[in-house]
Amino acid sequence: MRSLPEADPGVPDIRSPLRYLWWTARRQWPSLLPGIGFATLWWLVQALMPAVLGRGIDAVTAKDTRALLLWAGVLLALGLLQAYTGLMRHRMAVHTWLSAAYRTVQVTARQAARLGATLPKRLSTGEVVSVGNSDIAHIGNSMDILLRGIGSIVAIVTVTVILISTSLPLGLLVLFGVPIMALAVSPLLRPLHRRQLRHRELVGDLSTRASDIVAGLRVLRGIGGEHVFAGRYREESQLVRQAGVGVARVESVLEGAQIVLPGLLIAIVTGVGASFAVAGEIPTGQLVSFYLYAVFLIGPLRTLTEAADKLTKGHVAAGRVIRILSIEPEVAGGAGSSPGGVLRDSYSGVTLQPCSLTAIAASSPDDAAAIADRLGRYADGDVTFGAADLADLPIAEVRERILVADNSARLFTGRLRDELDVRGGATDAQLREALHAACADDIVEALPDGLDTVVAEAGREFSGGQQQRLRLVRALLADPEVLILVEPTSAVDAHSEARIAGRLAKARAGRTTLICTTSPLVLDRTDHVIYVEDGRVLAEGAHRQLLDSTPAYAATVTRGED
C-alpha cells in the first residue's frame, strides 16, 4: 500500500462539519477517485451477471451449445473482473480510511501545539482524547463509505435501465421503489444524529473524569477518597451506557429497515416477474434474471442505508474536530525582533536584569503565576523585552528565548535521556551538569539502565519530588535566554532544596533567571528579590535586607515564624 500523504501545512480555517468532510475528501482525491472507480466497476460487474446468467439459461432451454459456451465464458470473465475490482476497491477503501483518520489526527495535533496553554483552558482532556479514540474512526468511515455508496447508486441506476429496457413495469417498480425506501428511513436519521451527539458528549466527560482520577489516584488513596470518586465514575458510566442504549435502539430499527424494506421490494419484483413469466410475456431466463436482480439490489440498498448512518456519525465527529479547530490562541505574535535585554512587566513593575538570578516572593501564589504567564507571553500584558514590546515578537521566537517551567509540566513516555534533552543537542557532560544542579544524580543512579531507562506514562514511577527535580533538569538543558521557574523546589526536602538553590546560580551563569518562590533557602541564594503584594511590586532588594525592612515580606517567607 502506498504511504499515507502528509497533511497540509497549517490548520484549516473551517467552521462547518460538512465543509471539514469536504476538505478531507478534496485532500485525498488521488486515492478517493480511483477507489470510487473500482467500487463502481465492482458493482456494475455484479449488476451484469444476472443478465448474462439469464442468457445462459435461455441458451440451455434452446439447446444452443455455442451460445451456452459464449455466455459461460462471459460469466467467467465477469467473475475474474469482479475479484480484481473487489480487491482493489477494498485496498483503496482502507487507504482512504487511514488517510482521512490520520489527517484528522495531524490537524488536531498541530492545532493543539498551536494553542498551547489555551487548549486546556477551553476544552477538557477527555474532549481532546475522544477525537483520537472514536472520532477519527467515524470520519474515516464516512470517507470509506463514499466509494461503495457512489458505486451502489450507479449499480441501482444500471439495473433500473436494464429492467426498463426488458420490462417497463418492472423497471418503473424499481425506479420508484428505491426512493420510497430511502424516504422511509430518513425520519430515523435526525433522532440518530441527536442521540449520537449526546452519547459523544457523555463519553468525552467520562474520559475527562477517568484521566483526572488516574492522575490523582495517589492523592485519592492517601486521603481515602478513591471510593467516592469511583462512585461518581460509576454514575457517569451508567449515563453513558443509557445514552449508548438509546443510540442502539435507533440503529437497530435502521438495521432492521435495511433488511425488511429491500426484502419487500424483492418480493414485489419477483412476484410481478413470475406473473409475467406465467403469462408468457417473458422467457424463463429473464424470470431468473429478474429474481437475481431483486436479490442483487439488497446489497446496493443496504449500502445506501449504511452510508446514511456512517455519514451521520462522520458529521457528528467532524463537529467535534471543528470545535477544536475553531479555537484561537489567547495570545498572538507579531513580526518584530528584539536583541534582548531587560524584561519588564509594566503592570506589576517586575523588572528582570540580564544575566541575573532574580526571585519573586508574592503574598499570593496566584500573583506570581500571573506575572510569570505575562513575562512568558502566555497571557496578554504590557511587557517589554529590551526596546521591543514582547507582543510584537513572533510566538515561536518567544517560546525559543523565554521558557516558563511550572509544576503542571509532565514527563512523557520514552527513554529518560530523550525526555530530559528534548532538543537532542546536549552532551553527556551537559547532562551530568544539569543533573548535578538539580540534585537528580541519585534518581538516575537508582534506575536499572540509567539515562537509557524507559519512562512510564507521566513518569508515574517517580515521586512528586523526583518528578520536580527531573523537570528542572529538562528546563536547564533547554538553556533558554530567559528561564522562569515557578516553585521549582516546593516538593523536595529541605536538604535538597538548599543544594539546588546553591547550584542554580552556577548552572545559569550568563543567563537571565527568575524564580517564583517563598522559600527562604532559595531566596537567600538569589542576586535580587522582588516582593509582590496584590499583583504589584511592594519592595525589592536582598533577601536579608527585606527581612529587616519589610514586615509583610518577612511574614510571607517565614510563614509568621521567627
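**Cavity, pocket and sheets in a predicted model**

The residues lining the largest cavity divide into 8 nonpolar, no polar and no charged, where Ala, Val, Leu, Ile, Met, Phe, Trp, Tyr, Cys and Pro count as nonpolar, Asp, Glu, Lys and Arg as charged, and the others, Gly among them, as polar. The model is predicted, so local features need pLDDT of at least 70 and side-chain atom pairs count only at pLDDT 80 or more, while totals for chains, interfaces and linings use all residues. Residues are numbered from 1 along each chain as its sequence is written, and side-chain values use heavy atoms, with hydrogens and water left out.

The cavity itself comes first. A search of the whole structure finds 1 cavity of 30 Å³ or more, and about 30 Å³ of space lies in the largest cavity. On a 1 Å grid over the protein atoms alone, a cavity is a set of points where a 1.4 Å probe fits but cannot get out, and a pocket is an open set with protein on both sides within 12 Å along at least five of seven lines; lining residues have an atom within 4 Å of a point. Grid points are joined across faces, edges and corners, and a volume is the space filled by probe spheres set on the points. The cavity is lined by Pro262, Leu265, Ile266, Val269, Ala294, Leu297, Ile298 and Leu301. Helix 9 (226-278) and helix 11 (298-325) each supply at least two of the lining residues, and the largest share, 4 residues, comes from helix 9. Helices (H or I, at least four residues) and strands (E, at least two) are DSSP runs, numbered from the N terminus.

Helix 9 also holds Ala248. Ala248 is partly exposed, with a relative accessible area of 37%; buried means under 20% relative accessible area, exposed over 50%, and partly exposed in between (1.4 Å probe, protein chains only). Ala248 and Leu192 are 56 residues apart in sequence and 9.0 Å apart in space, C-alpha to C-alpha.

Next is the second largest pocket, which holds about 490 Å³ of space. Of its 20 lining residues, Gln430, Glu433, Ala434, Leu476 and Ala507 are the closest to its centre. Two or more lining residues come from each of helix 15 (428-437), helix 17 (464-478) and helix 18 (494-507), with helix 15 giving the largest share, 5 residues. This lining divides into 9 nonpolar, 3 polar and 8 charged residues.

Turning to the strands, 4 of them form an open antiparallel sheet in the order 2-1-4-5. Strand 2 (350-352) and strand 5 (388-389) stand at the edges, each with a single partner strand, so one side of each has no neighbour in the sheet. Two strands pair if DSSP finds at least two bridges between them. Strand 1 (residues 343-345) and strand 2 run antiparallel, joined by 3 bridges, and Arg344 stands opposite Thr351 in strand 2. Helix 12 (residues 365-375) lies across strand 1, strand 2 and strand 4 (383-385), at about 125° to strand 1. Axes are lines fitted to C-alpha atoms, for helices over the stretch in contact (heavy atoms within 4.5 Å), and angles run from 0 to 180 degrees between N-to-C directions.

Elsewhere, strand 6 (residues 402-405) and strand 9 (residues 482-486) run parallel, joined by 4 bridges, with Ile402 opposite Val482. Strand 6 has a covered face, Ile402 and Val404, and an uncovered one, Leu403 and Ala405.
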